[in-house]
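This briefing covers selected local features of one protein model. It is grouped by topic, for reading alongside the sequence and coordinates.

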Amino acid sequence: MIDYEYCTKMFKIMKNNQKVEDICNELKLTTIEFKGLIEILSSMGYDITIQNENGIDIIKKRNIIKTSKNIKPNINNLNHLKICIVSDTHLCTTIQQLGLLNKVYKEAYKRGITTFLHCGDLLDGDFTKIRPDQNYQLFRRGFDEQVGYAIDMYPHIKGCTTYFIEGSHDQTHVKNGGATPGTWINKLRNDMVYLGTPQAKIEFNKVVFLLQHPGGGCARSLSYKPQIAIDEMETNEKPNIFLQGHFHKAYGTVYRNVHTFLVPSFMDQSGFMQMNNLKSIIGAYFFDIYSDKLGHIEYFDVEPINFDIKDIDKFDYKHVKKLTIN
């Protein structure tokens, strides 16, 4: 969530023709963070840019407001969206936490949320060819058993829709036998919509969401991977909200005027993660968004839903019941 008061304070501190390097040192910001701040100030209507003069980046600003963007509009004149964000459910592994996912869906239903976004690795997949030990951690194996389990057991609430992408674990079924889980889940569950892999855009009230399930390991700095991804995006292709699964981490920030989040999981720490000293954060997000007719976000409330070690059910896969609300 953008702190407009902080941004306005930073604008007042900056001086016209000041070197970017000097102000970054003064504010203890990296160059990338500072450029993101400039983008936010510009979107708020402040007349401020960075210009290069003789190889040196210089701040150019005028103490005027070009537009009224810094004046927040009446909330009653905006579009309202409530949405739940989940990822990495890894169904069919013995360390899944489907019971906790059911709790999130039930709570969302109580709050009137009917739209859910899933950022990939809905299934645990089949890595047995390259990671043989995974076979001993599965209670459903192969395409038929895992897709069948997801169709039977993924939460079903009348009037609610889950939009999802596939991740690297889901894609093992494609690599092993050319069968795409998302296609068949989409066909056999009319409340689950497959968007593609490894990323997809979807729009609500003209607010653009980009769901991504990247590869590679998690960086020690949680901001690093989403920042790199956003830096590679064309300016006119940037979403309003960028969601990354895969890392099993919880983190949120605003970068280059994009609200970006690492989305946690619904899986306990695996043996692979233990060997690599990686935690598996379990949880979800509830978003409450007010946007104008062009999709610009004016108010954004983010509520993280966090679970800790005492909430984990070591035998979830043995007795968890399907959540169905008609």
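D121 is buried, because its relative accessibility of 1% is under 20%. The model is a predicted one, and D121 has a phi near 60°, a positive value in a residue other than glycine. The points below start with backbone geometry and go on to salt bridges, the sheet and helix packing.

**Backbone geometry**

- Most residues other than glycine have a negative phi, and most peptide bonds are trans.
- D121 lies in the loop between β4 and α5.
- H90 also has a positive phi, of about 45°, and is not a glycine.
- The loop that holds H90 runs between β3 (79–86) and α4.
- With a relative accessibility of 2%, H90 counts as buried.
- T197 and P198 are joined by a cis peptide bond, with omega about -5°.
- P198 sits in the loop between β7 (192–196) and β8.

- Side chains of opposite charge can pair when their charged atoms come close.
- The count of salt bridges in the model comes to ten.
- R111 forms a salt bridge with E107, at 2.9 Å from N to O.
- R111 is partly exposed at 30% relative accessibility, and E107 is partly exposed at 29%.
- A salt bridge also links the side chains of R111 and E303, at 2.6 Å from N to O.
- R111 lies in the loop between α4 (98–110) and β4 (115–118), while E303 belongs to strand β14 (residues 297–307), so this pair ties together parts that are 192 residues apart in sequence.
- E303 is partly exposed, with a relative accessible area of 31%.

- R256 and D231 meet through their side chains in a salt bridge of 4.0 Å, N to O.
- R256 is in the loop between β11 (251–255) and β12 (258–262) and D231 is in helix α8 (residues 224–231), so the contact ties together parts 25 residues apart in sequence.
- R256 counts as buried at 13% relative accessibility, whereas D231 is partly exposed at 32%.
- One network, joined by salt bridges that share partners, takes in E39, D231, K238 and R256.

**Five-stranded sheet**

- Five strands make up an open sheet with mixed pairing, in the order β8-β9-β10-β12-β11.
- The edge strands are β8 (199–204) and β11; each has a single partner strand, so one side of each is left without a neighbour in the sheet.
- On average, neighbouring strands of this sheet are turned by 20° against each other, direction ignored.
- The pairing of β8 with strand β9 (residues 207–212) is antiparallel and spans six bridges.
- Within that pair of strands, A200 stands opposite L211 in β9.
- Helix α8 lies across β9, β10 (241–244), β11 and β12, and runs at about 130° to β10.

**Packing of α5 and α7**

- Helix α5 (residues 142–153) packs against helix α7 (residues 181–188) at an angle of about 40°, and the two axes are 10 Å apart.
- That angle makes α5 oblique to α7.
- The two helices, α5 and α7, cross in the right-handed sense.
- On the α5 side the contact involves F143, V147, A150 and I151, which meet P181, W184, I185 and L188 in α7.

Methods
Residues are numbered from 1 along each chain as its sequence is written. This is a predicted model: local features need pLDDT of at least 70, side-chain atom pairs count only at pLDDT 80 or more; totals for chains, interfaces and linings use all residues. Side-chain values use heavy atoms; hydrogens and water are left out. Buried means under 20% relative accessible area, exposed over 50%, partly exposed in between (1.4 Å probe, protein chains only). Helices (H or I, at least four residues) and strands (E, at least two) are DSSP runs, numbered from the N terminus. Two strands pair if DSSP finds at least two bridges between them. Axes are lines fitted to C-alpha atoms, for helices over the stretch in contact, and angles run from 0 to 180 degrees between N-to-C directions. Contact means heavy atoms within 4.5 Å. Angles under 35 degrees count as roughly parallel, over 145 as roughly antiparallel, 65 to 115 as roughly perpendicular and the rest as oblique. A crossing is left-handed if the near helix is turned anticlockwise from the far one by less than a right angle, and right-handed if clockwise.
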